[in-house]
Every structure is written in structure tokens, then in C-alpha cells.
Amino acid sequence: MNGRSKGKPSFLAKCLGASFLTLALPISAAQAQDAATQGTVITGARMLDVLTGKMIDNPAIFVGADGRITGIADARAVKWGGNVTHIDLGDKTLLPGLIDMHVHLDSPADIGGYRGLEFTDSFWGMTAVGNARAMLDAGFTTVRNVGSDNRNDIGLKQAIDSGYAVGPRIVPAGYAIGATGGHCDSTFLPPSLEKPQEGIADSDDGLRYEVRRQRKYGAEVIKVCATGGVFSRNTEPGQQQLSEGELRVIADEAHQWGLRVAAHAHGAEGIKAAIKAGIDTIEHASLVDDEGIKLAAARPRPVWFSMDIFNTEYTQAEGAKNGVLEDNLRKDREVAQIQRDNFRKAHKAGVKMVFGSDAGVMPHGQIGGQFKTMIDYGMTPLEAIQAATRNGAQALGREKDVGAIAVGRLADIIAVDGDPLANVRELETVDAVVKGGKRVR
């Protein structure tokens with residue numbers, strides 16, 4: 001839809017004329033009246049409609065008891081009753097809550113290499129709580145956590161949803177799936193200290209079982225490692241580690257269960273295999289070639305690139321101090337500029353793209369800096385913002401819930417100074433966050 005109702009104007013719309021907006025879904029006269037007499041209203045100086053790209057002045061966003069938006073009006077022309085809770089965000093620009101499609105909440109950025117052995121097993125889940133709060137404070141109200149040990153992401157999601165912790169909406173993957181000795185396997189220890197790693201399999205039946213097992217215990221997306229990686233040991237980013245047939249088994253099984261699949265894939269051949277196999281999002285896509293870009297742009301079932309093109313400065317500046325091994329720093333140096341150049345090429349070719357930071361490689365609260373890098377490498381400010389809102393919701397299959405300030409969707413809203421379409425760096429310092437119609441203090 002184009003973001004505006006094509007149906008007949010509601011009762012309140014008739015009263016207010018063109019000043020009343022019904023974004024994405026029409027509402028009835030009764031709903032419009034209810035919006036002005038109960039629930040919550042959120043106001044600001046202006047609002048970016050990411051579905052149309054238009055800036056709207058003086059919005060009044062009405063929210064029901066379920067945390068969903070019931071109506072949007074011109075605040076200068078509508079009055080609301082005393083039973084309405086008013087969240088006045090002042091002279092700010094309102095945007096949808098941001099979506100990061102590639103995070104690791106249980107991965108503190110300042111602990112790398114063998115330094116991780118200093119800490120007990122439960123340490124990582126404890127750090128995830130603070131990292132989740134940092135992401136929420138940075139304006140990211142929805143995140144997709146692509147792989148964690150001990151299902152820390154699933155446990156944290158349950159704690160947040162139950163009110164025991166404060167953080168974004170989490171789409172968890174549980175354990176990532178991969179091949180023995182590959183990027184998703186444990187590669188830092190000698191055989192005498194190894195134990196079987198969940199998520200690792202070397203046959204079609206084994207991979208199919210791992211998909212089912214992750215879903216059984218709470219995964220809402222399946223993460224698979226199609227190639228080697230930067231921060232594993234004894235793997236190279238360009239190495240293909242699962243065949244196209246194996247990737248197809250994973251994709252088909254996940255889709256049968258209603259789950260989407262994210263493939264860690266730096267190398268060109270692994271990227272092409274993942275696209276052909278039906279994988280939904282390609283993570284990193286660093287070494288993609290022209291053929292892979294064409295495949296992604298043309299595939300009938302949408303495939304999205306999630307390219308973390310901001311974090312290398314942190315890795316190179318702080319990695320050695322944090323314990324990251326020189327071999328890992330070397331791999332990061334080798335792929336960084338190639339990945340950025342390929343981001344530009346993929347975007348220019350029309351590949352669908354989402355915002356993915358790989359938070360955990362760098363501090364979770366700093367990822368808003370990626371917007372500027374996305375613009376430096378070819379996107380307009382609106383396209384970069386849409387990658388982190390509208391596109392993310394589409395790639396997740398959750399357009400009814402998140403990704404836009406629109407009637408029927410959850411009232412996940414952020415506020416920034418100035419105009420982010422003129423200066424996208426406004427998104428590096430978010431001034432207010434509303435999640436489900438409630439302001440996060």
C-alpha cells in the first residue's frame with residue numbers, strides 16, 4: 001500500500017478535513033472517536049512517514065491499550081479527553097523505532113579472542129541485559145539476534161516480554177547452524193577441551209534436525225553459516241562451508257515451519273549458493289561478485305543483503321587491546337573496503353537491503369553511526385532510514401507490527417532533533433524512545 005487509505009474518510013477525518021491521516025490502514029468512525037477519548041496520544045513537531053517518504057507536521061498519534069496505533073491526526077486540529085495520557089516529545093522529529101537485523105546481544109565488544117575464557121558460562125547472558133538496554137536507548141526497538149550460546153537471546157526475549165528486563169523486541173535464533181570446523185563451530189580450543197557443539201551437523205538429516213531443534217526451543221529465525229568468517233579461527237571469509245544442496249535443506253525445512261533463514265556468507269560462491277537455495281537474508285555479503293548481485297536483484301522470492309559496513313574502525317582501533325587475535329584483525333582489514341564497495345554496487349543494482357550492524361563486534365550503543373556510512377556508500381538518507389524500518393519489517397515478515405508509524409502497528413517510536421533527511425547523523429543520538437505506546441525512561 002502507499003501509506004494512505006483509499007477508502008471513504010472516517011467521521012473524524014470529515015471533521016478535520018485533510019489534516020487527518022490514516023496511514024497504512026483505514027479506521028472506522030468509532031475507532032477515530034475512541035482514539036481521541038482514551039489511551040495515549042504522542043505528539044511532536046514533525047513525523048517521517050517511511051512508507052511514503054513524506055515529512056508530516058504536528059502529528060498526534062493515538063495509541064490503544066494494546067500498544068497499537070489507532071489513529072493519526074493533526075495535533076492543531078484535534079482535541080483529546082482528560083482520560084488520554086499525553087506523551088509530548090516537543091520540538092522533535094518522530095520516526096518509527098529502528099530495526100537492526102544482525103546483532104549479538106550476548107557478545108561484549110571489548111572482550112575478544114581468548115579473553116573470553118576468563119569468564120564463567122553464565123557471564124555472557126548477564127552482559128546481554130545491558131547490551132539490550134543500550135540498543136533500546138539508541139533507538140532500536142526491534143533486533144534480530146543471529147546466534148547465541150546457551151540460548152541467551154531466547155531467555156532475554158522472555159525476560160523482556162515478561163517485564164523482568166528492559167530492551168527491544170528480540171527475534172531470536174538460538175544456536176547458529178553450521179558445519180564441523182566452520183565459522184559457527186567452536187574453533188579456538190584443542191580436541192582435549194572440546195565438547196559437542198549444538199547446531200553443528202554434516203548431513204542433510206542432521207541439518208534438518210538442527211532446524212527443528214532450534215525452533216522447538218524458541219528460535220524465530222534460523223541462522224546458518226555458509227562460509228568462513230572474520231572472527232573465527234582456522235576459517236577464511238571466502239571459504240564455502242555448506243553446499244547449495246545443504247543450504248536448500250535448511251531453507252526448505254525452516255520455511256516449512258514458517259521461519260525465515262539468515263545466512264552468514266562473506267564469500268562469493270557461498271553467497272550465490274545461499275541465494276539459489278532460497279535463503280532469505282545474506283549476512284555480510286562482503287565478497288559478493290557481479291553474478292551474485294544479479295542473482296539477488298532478480299530472484300522472485302525476495303532476498304535481502306544485510307551488510308555491516310561500519311564496525312571496522314572500532315575493530316582496528318580497539319581490537320588488539322580487547323584481545324582480538326592478529327589473524328582476525330588481518331581478515332577484517334582485508335574485507336572491509338571490499339565490502340563497502342560491494343555495498344555500493346549492490347545498492348546501485350537494486351538489491352533489497354536492510355540495516356545490519358553486527359553489534360557485539362562493536363559496542364551496541366554506537367551502531368547509529370552506520371547510517372552515515374550507508375550514505376557515504378550510495379544510499380540517500382531516506383533509503384538508509386527505510387533499510388532500518390520499512391525494509392526490516394518486510395524482511396522479518398512483520399509488516400503488521402513494526403517498521404512504520406501507521407494505524408494498526410505497534411507504537412514503537414523514536415524522537416530526534418532536527419531533520420534526519422537533511423542530517424542523518426541525528427540518528428546517532430536519539431532523544432526519546434517509545435515502545436508499545438509507553439515512553440522508555
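Here are a few questions and answers on strand pairing and helix packing in this predicted model.

Q: In what order do the three strands of the open sheet come?
A: Let's start from the edges: S8 (98-103) and S10 each have a single partner strand, so one side of each is left without a neighbour in the sheet. The pairing is parallel, and the twist averages 15 degrees from one strand to the next. That makes the order S8-S9-S10.

Q: Which residue of S10 is the bridge partner of Arg-144?
A: Strand S9 (residues 140-145) and strand S10 (residues 169-172) run parallel, joined by four bridges. For Arg-144, the partner in S10 is Val-171.

Q: What angle does the direction of helix H3 make with that of S9?
A: H3 (residues 123-137) packs on the sheet, where it touches S8 and S9. Its direction relative to S9 comes out at about 135 degrees.

Q: Are H9 and H10 roughly parallel or roughly antiparallel to each other?
A: The axes of H9 (residues 312-322) and H10 (residues 326-348) come within 10 Å and cross at roughly 165 degrees. The contact includes Gly-319 and Ala-320 of H9, along with Ala-336 and Arg-340 of H10. Angles over 145 degrees count as roughly antiparallel, so that's what H9 and H10 are: roughly antiparallel.

Technical notes:
Residues are numbered from 1 along each chain as its sequence is written. This is a predicted model: local features need pLDDT of at least 70, side-chain atom pairs count only at pLDDT 80 or more; totals for chains, interfaces and linings use all residues. Side-chain values use heavy atoms; hydrogens and water are left out. Axes are lines fitted to C-alpha atoms, for helices over the stretch in contact, and angles run from 0 to 180 degrees between N-to-C directions. Helices (H or I, at least four residues) and strands (E, at least two) are DSSP runs, numbered from the N terminus. Angles under 35 degrees count as roughly parallel, over 145 as roughly antiparallel, 65 to 115 as roughly perpendicular and the rest as oblique. Contact means heavy atoms within 4.5 Å. Two strands pair if DSSP finds at least two bridges between them.
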